[in-house]
Amino acid sequence: MRSLSIFGATGSVGEQTVDLLVRAGGAEAYRVVALTGGRNLARLAEMARDLRAEVAVCAEASGLSELRERLAGSGVAAAAGPEAMAEAADRPADWVMSAIVGAAGLVPGVRALRHGSVLALANKESLVTAGPLLMAEAERHGARILPVDSEHSAIFQALVGEDIAAVERIILTASGGALRDWPLEALARATVKDALAHPNWAMGQRITIDSASMFNKALEVIETREFFGVSPDQIEVIIHPESLIHSMVGYRDGAIIAHLGAPDMRHSIGYALNWPERSHLPVARLDLAQIATLTFRAPDLARYPALRLAREVMARRGLAGAAFNAAKEVALDLFLDGRIGFMDMGSVVEAVLEAMDADLGRENAMPTLEDVQAVDHLARRRAGEIARGRAGAA
Ligand code: NAD
Ligand code: MG
């Protein structure tokens, strides 16, 4: 029986992973080692009981007694806090889903790679903050990282049987998010509610806002560079409002291989779960005659400073990704709290990268986990200071 763990089981990707497991037979078909969640202890306990997990871990130490109570008599062990989360990743499992949101997903992912698992990686922040480190850990321990981000799963699938050296370009599709048809002048006034109205994908709150600002696509461009090892100038972004082409690979003979499917994350989660085979998945089938047209347009960089910043981060590499991601996470929190405007997210992140120029070290150096964590902390502090400074000046 295959063993598996899910980090971030109570989130959007986590729930869809659980859905596929339950449909495939749940505890009768898989040995579930660890399930982790954040604050939704009721749901975490419920899924841990249903899937007969060995251990359930919640993010905050203060949740331990409630989680214990909810699991009483179930045979599932309860644990809490970041160290317990990392220890859960030390429990060997054949397949590990990394679906925590944000930089908190990095340590469990790195620890899971150390016992040679397949790591299904939804947590793109791991590759953005510590790409070279993650890839080197996988190599050292004979572990396999499979992308779960829909674009990267599409690219991975379009590369099967091909030589990466024959790739000319990788074309990432972007829906453009909730605000794609707003006039540029109006974006500064966009509210959280406006930015959450994603046209195609139902996802967690943070990634939905990041889709509207294209910070999500900026992270994905960096993720592409780190995972597939192509050069930044080979990576393009195109707005494709229908979200039916999940991304494309262009080869040196001019051929482009595209991956199409309904906008349903269970495509890429299921591909990673069943890899290298394909199994039936409960996703909608496309009716191409009914769809009739697919449209594309170039992204306007004035609307999306994040895309320009991603280029700077890739040119610099090293610790720039860790600073970029941490500053972005703080800017997003400030926007969610109504403390800064929608377009301020880009300018705060840009100001943090400028202020930290001297802290980011040599270009292209291989960072350690400690370096990444130190830069992450510093970038969070700088982002807070910069945003407060502006609020004071306003
Ligand atoms: P989500 O917010 O719905 O869920 C995140 C999960 O992480 C939850 O279980 C939450 O409790 C947990 N969590 C949050 N903070 C934590 C912390 N500090 N420590 C431990 N656990 C914590 O997020 P999501 O939309 O499922 O996204 C998860 C990851 O997958 C992100 O990296 C995102 O970019 C990526 N992703 C998501 C989608 C999608 O469709 N939702 C698509 C592609 C990639
Ligand atoms: Mg994506």
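This is a predicted model: local features need pLDDT of at least 70, side-chain atom pairs count only at pLDDT 80 or more; totals for chains, interfaces and linings use all residues.
Residues are numbered from 1 along each chain as its sequence is written, while chains are lettered from A and ligands numbered from 1 in the order written. Local features need pLDDT of at least 70, side-chain atom pairs count only at pLDDT 80 or more, totals for chains, interfaces and linings use all residues, and side-chain values use heavy atoms, leaving out hydrogens and water.

Take the magnesium ion (ligand 2) to begin with: D149 (OD), E151 (OE) and E220 (OE) coordinate it at 2.1 to 2.2 Å (donors are N, O and S atoms within 2.8 Å of the metal, or 3.2 Å for Na, K and Ca). E151 sits in helix 7 (residues 150–158) and E220 in helix 10 (residues 215–228), so the pair ties together parts 69 residues apart in sequence; helices are DSSP runs (H or I) of at least four residues. E151 is buried, at 8% relative accessibility, and so is E220, at 1% (buried means under 20% relative accessible area with a 1.4 Å probe, protein chains only).

Then there is helix 14 (residues 320–336), whose axis comes within 9 Å of that of helix 15 (residues 344–355), crossing at roughly 145° (axes are lines fitted to C-alpha atoms over the stretch in contact, with angles from 0 to 180 degrees between N-to-C directions). Among the residues that meet here are F324 and A331 from helix 14 and M345 from helix 15, contact being heavy atoms within 4.5 Å.

F324 and M345 also turn up among the residues with the most contacts inside the largest nonpolar core, which has 133 residues (buried Ala, Val, Leu, Ile, Met, Phe, Trp, Tyr and Cys joined through side-chain atoms within 4.5 Å). Helix 14 gives the most to this core, 11 residues.

Definitions and conventions:
Helices (H or I, at least four residues) and strands (E, at least two) are DSSP runs, numbered from the N terminus. Buried means under 20% relative accessible area, exposed over 50%, partly exposed in between (1.4 Å probe, protein chains only).
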